[in-house]
Amino acid sequence: MISRKDIVKLIRVFLGAVFVLSAVAKILSIVFFDDLVAKQLLGENYLSNFQDNFNEFYYIQWLTRAIIAGEFMLGVAVLQDKHLKKIVLPTIIVLLLAFIIQVVYAAS
């Protein structure tokens, strides 16, 4: 029989792997991810007036790198026991809610 502790450990490993693999996938396609975020924040035609939007695109690149770094760090942090209930799990819930809101906004 599988114990509750083993199930929790399996879920933590799965959740950590999902976050880490998602961050790695975004790193491998960083140009696509930058473009996706820029289209959502600056509008579909941000490339037509790129000179005017250059500073905004610069900050979007910083934002995408921060998202990727945070996602990777959360994936690794969920695999460790320290500060799991106080910091890591609430941060994961907030990040997942932010991604859900972003997907709903992009779908509408």
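A nonpolar core is a set of buried Ala, Val, Leu, Ile, Met, Phe, Trp, Tyr and Cys residues joined through side-chain atoms within 4.5 Å. Buried, in turn, means under 20% relative accessible area. The structure discussed here is a predicted model.

## Nonpolar cores

The largest nonpolar core has eight residues: Ala23, Phe33, Val37, Ala38, Tyr46, Phe57, Ile60 and Ile68. At least two residues of this core come from helix H2 (30-42), and at least two from helix H3 (54-77). Apart from this core lies another, made of seven residues, including Leu74, Leu84, Val88 and Ile92.

Ile68, one of the residues of the largest core, lies in helix H3. Its relative accessibility is 6%, so Ile68 counts as buried. Which residues does Ile68 contact, leaving aside its neighbours within four places in sequence? They are Ala23, Lys26, Ile27, Ile30 and Phe33. Two of these, Ala23 and Phe33, are also listed in the largest core. Val8, by contrast, is 60 residues from Ile68 in sequence, and the two C-alpha atoms are 25 Å apart in space.

## Helix pairs

| Helix pair | Angle between axes | Axis distance |
|---|---|---|
| H1 and H3 | about 155° | 7 Å |
| H3 and H4 | roughly 135° | within 10 Å |
| H1 and H4 | roughly 50° | within 13 Å |

**H1 and H3.** The axes of H1 and H3 are 7 Å apart and form an angle of about 155°. H1 is therefore roughly antiparallel to H3, as angles over 145 degrees count as roughly antiparallel. The two helices cross in a left-handed sense. On the H1 side the contact involves Gly16, Phe19, Val20, Ser22, Ala23, Lys26 and Ile27, and on the H3 side Ile68, Glu71, Phe72, Gly75 and Val76. By class, the residues of this contact of H1 with H3 are seven nonpolar, three polar and two charged.

**H3 and H4.** Helix H4 covers residues 84-107, and its axis crosses that of H3 at roughly 135°. H3 and H4 are therefore oblique to each other. Here too a left-handed crossing is found, with H3 passing H4. From H3, the residues Ile67, Glu71, Leu74 and Ala77 meet Leu84, Val88, Thr91, Ile92, Leu95 and Phe99 from H4. Eight nonpolar residues, one polar and one charged make up the contact of H3 with H4.

**H1 and H4.** Helix H1 spans residues 4-28, and its axis comes within 13 Å of the H4 axis, crossing at roughly 50°. That angle makes H1 oblique to H4. The crossing of H1 and H4 is left-handed. Arg12, Leu15, Phe19 and Lys26 of H1 make the contact with Leu84, Ile92, Leu95, Leu96 and Phe99 of H4. The contact of H1 with H4 has seven nonpolar, no polar and two charged residues.

## Single residues

Glu71 has its place in helix H3. Is Glu71 buried or exposed? Its relative accessibility is 4%, so Glu71 counts as buried. Not counting residues up to four places away in sequence, Glu71 touches Phe19, Ser22, Ala23, Lys26, Leu95 and Phe99.

Leu41 belongs to helix H2. With a relative accessible area of 54%, Leu41 is exposed. Leu41 touches Ile60 and Leu63, not counting residues up to four places away in sequence. The C-alpha atoms of Leu41 and Arg12 are separated by 32 Å, and these two residues are 29 residues apart along the chain.

Leu28 is found in helix H1. Its relative accessible area is 72%, and so Leu28 is exposed. Between the C-alpha atoms of Leu28 and His83 there are 30 Å, with 55 residues separating the two along the chain.

How values were computed: Residues numbered from 1 in each chain as written. Predicted model: local features only at pLDDT ≥ 70, side-chain atom pairs only at ≥ 80, totals over all residues. Heavy atoms only, no water. Buried < 20%, exposed > 50% of the residue type's maximum accessible area, 1.4 Å probe, protein only. Helix = DSSP H or I, 4+ residues; strand = E, 2+ residues; numbered from the N terminus. Contact = heavy atoms within 4.5 Å. Axes fitted to C-alpha atoms, helices over the stretch in contact; angles between N-to-C directions. Parallel < 35°, antiparallel > 145°, perpendicular 65-115°, else oblique. Left-handed = near helix turned anticlockwise from the far one by under 90°. Nonpolar A, V, L, I, M, F, W, Y, C, P; charged D, E, K, R; others polar.
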